[in-house]
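Notebook open, structure loaded. I want to see how the chains are built and where they meet.

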Amino acid sequence: MKAGKFWAWVVFILGAAYFFIPLIATVEFSLRMRRGVYSFDAYKVVLGDSQFQTTFMYSVIVAIFTILLGVLIVVPTAYWIRLRLPQLRPVVEFITLLPLVIPAIVIVFGYIRMYGSNSPLPFLSNNVATNALLVIGYAALALPYMYRAVDTGLRTIDVRTLTEAAQILGAGWGTVVARVILPNVLIAVLSGAFLTFAIVIGEFTMASLLNRPAFGPYLQNLVANRAYEPAALSIIAFIITWGCMSLIQVLSRFAPKSANRPN
Amino acid sequence: MADPFLSIQHVRKSFGATTVVQDFNLDVEPGEFVSFLGPSGCGKTTVLRMVAGFEEPSAGKIVVGGKDITRLKPNQRNVGMVFQAYALFPNLTVAQNIAFGLKVGGMAKADADRRVAEMLDMIKLPQMADRYPYQLSGGQQQRIALARAIAPKPKLLLLDEPLSALDAKVRVSLREEIRSIQKKLGITTIFVTHDQEEALSISDRIAVMYGGKAEQVGTPFEIYNRPATKFVANFVGTLNVLEGKVTDASTGKVQVDTQEVSLKGKLNGSKSGDTLSLALRPEAISLARQPGHDTSLSGEIAEVHFLGSVIRVRVGIGGNTVSLDTFNNSTTPPPVVGDKADISFSSGDMLVLH
């Protein structure tokens, strides 16, 4: 075996160990709830807990609305910047990166000051309005990931020529975006959607301070008070994450292909 | 003469301080095939894009079928366009691509399906309906793009260098196909190209453009044989340009190097002592004196290139070099570099460039 190949294997094994050992340890620990034998008791407790179901469903619904809002804001914006205002790209990229440096707690305190029950716009005293504010806040948090994913997708197609080809055939802006641009960046949008989903499912700060029955606060509560269940929950979350990624891979098989990137 | 179908009147286009099209005028008859020919950056695509509605003229007017369309949006103009990069929608099949304009226009599905089948037959690709663009060759993609542009029955067809991305053989067959479809449908067409052979072979008329202006508009025969300016003469076809000095304007005597030629009636007001550029097409020149040729010049063979069926010979005449082609003859050896040679031509074939 050549020296280069040997070291490549060493690096690969170290990397795999770094990734798999904590995972195996967590799985092993999650199965030790019953004294002396391995069992799925921790998983049964977690999945059977009505609070798990309600908080998880709440977060899934919020995630879906956040994805819809993100797509509605980001796709037309990224498209327009690429088509007509390329000189504004650095500015928009900077704005979309802001949520990475401004902590979520700043947005929540902003919300409480702006929309608290004593303010002129007391949205936080209403459940529906609070949920809407949470979705808007999450859309802002997911902006860096969604924008980058969509912008990368737009880079792979000739936005200007496709737009002009559709326009000269009689299409208006709505048709161009819905029937030409969006279907051709669908995989990029799905990647952004997945990242948004991952952020929303585990988010704690905003949901907790706005007192929403979300999965993040439930997770935190469980970690603080139980031993084996959090490990089981981590594995469940891991499976959901990999499930989502596999789904993207499956969907990408049906994605439009261009002459430049067949298959 | 019938009213023009497309009339481009005093159109100017500036991007900031740069004017890319200046005072462009052109009338196109119904069913006519007009090519915009010129080098990169001459403004030909900008004029086409203004007709399509993708650029708004800084000044001037564009009229189609008697209606001023200068300020109309591209989707309101009923114009078809084929792009250099095909621009087929990658997410749609061939049939869906062709049907796109029909569906946007609100055509019923059964009618649209019938029209798509008709278009696929027209471009001889009926078996490709369910393929995706990435499964087609460049030539097939461009034929689909042509069918897509024609399907909604546009008033005007714009072709923006549609053959540039294709290989030489496909270019020739596709340009003939485009011309035959255009003639069959009688659709008024503007074709942008930088390839003179393409423009000469398929156009009813050519507008040769340079520096944002139309240098000359005419039939391919006129453009080639009677170029109006030095640029047109140089850009279209191969041209030999000889520098000459008028020695006697009254008799039309012009001195080329140390030899004299007679150009009576062609000097257009030039005075004795003026310097002129004289142009000759290679096919008008013969090596050695030929019957019917009234003018000859002596020189020396400078280069000989054997190209198979033809031999390209370059003859030095003082400071000028003249290029000409002779047919290969298996019984006669090609000329030898350094030999003395006479070239002859008819003075009527010599153009005085301004």
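Here are my entries, going from the chain overview to the helix packing and the sheets.

**Ground rules.** I am working with a predicted model, where local features need pLDDT of at least 70 and side-chain atom pairs count only at pLDDT 80 or more, while totals for chains, interfaces and linings use all residues. Residues are numbered from 1 along each chain as its sequence is written, and chains are lettered from A and ligands numbered from 1 in the order in which they are written.

**Chain A, overview.** I looked up the secondary structure and got 12 helices and 0 strands in chain A. I take helices (H or I, at least four residues) and strands (E, at least two) as DSSP runs, numbered from the N terminus. Along the sequence, the pattern reads α-α-α-α-α-α-α-α-α-α-α-α. I also noted the box that the C-alpha atoms of chain A fill, which is roughly 75 × 75 × 30 Å along the principal axes.

**Chain A, one helix pair.** How do H2(A) and H12(A) cross? Helix H2 (residues 41-48) and helix H12 (residues 228-252) of chain A have axes that come within 8 Å and cross at roughly 75 degrees. The axes are lines fitted to C-alpha atoms, for helices over the stretch in contact, with angles from 0 to 180 degrees between N-to-C directions. H2(A) and H12(A) are therefore roughly perpendicular to each other. My cut-offs are under 35 degrees for roughly parallel, over 145 for roughly antiparallel, 65 to 115 for roughly perpendicular, and oblique for the rest.

From H2(A), the contact uses Ala42(A), Tyr43(A), Val45(A) and Val46(A). On the H12(A) side I listed Tyr228(A), Glu229(A), Ala231(A), Ala232(A), Leu233(A) and Ile236(A). Contact here means C-beta atoms, placed from the backbone, within 7 Å. By class, this contact has 9 nonpolar, no polar and 1 charged residues. I count Ala, Val, Leu, Ile, Met, Phe, Trp, Tyr, Cys and Pro as nonpolar, Asp, Glu, Lys and Arg as charged, and the others, Gly among them, as polar.

**Where the chains meet.** I find 21 residues of chain B in contact with 20 residues of chain A. On the chain B side, strand E6 (79-82) and helix H2 (94-104) each supply at least two residues. That side of chain B divides into 16 nonpolar, 5 polar and no charged residues.

**H2(B) and its helix neighbours.** Val94(B), Asn97(B), Ile98(B), Phe100(B) and Gly101(B) in H2(B) meet Ile144(B), Ala147(B) and Arg148(B) in H4(B). The class count for this contact is 5 nonpolar, 2 polar and 1 charged.

Next I checked helix H3 (residues 109-122) of chain B, which packs with H2(B) at about 130 degrees, with axes 9 Å apart. That makes H2(B) oblique to H3(B). Here H2(B) brings Ala95(B), Ile98(B), Ala99(B), Leu102(B) and Lys103(B), and H3(B) brings Ala112(B), Arg115(B), Val116(B) and Met119(B). I sorted this contact into 7 nonpolar, no polar and 2 charged residues.

**Chain B domains.** The assignment gives domain 1 (6-235) and domain 2 (240-353); such bounds come from an automatic or database domain assignment. Their centres, taken over C-alpha atoms, are separated by 39 Å.

**Chain B sheets.** I traced an open sheet of 5 strands, in the order E13-E12-E11-E14-E20 (chain B), with antiparallel pairing. Strands count as paired if DSSP finds at least two bridges between them. Strand E13 (259-262) and strand E20 (351-353) are the edge strands, each pairing on one side only. The twist averages 45 degrees from one strand to the next. Strand E12 (residues 253-256) and E13(B) pair over 4 bridges, and Gln255(B) has Glu260(B) in E13(B) as its bridge partner.

I also traced an open sheet of 5 strands in the order E15-E19-E16-E17-E18 (chain B), with antiparallel pairing. Strand E15 (286-287) and strand E18 (320-327) stand at the edges with a single partner strand each, so one side of each has no neighbour in the sheet. E15(B) is joined to strand E19 (residues 340-345) by 2 bridges, and Ser286(B) stands opposite Ser344(B) in E19(B).

Terms used
Contact = placed C-beta atoms within 7 Å.
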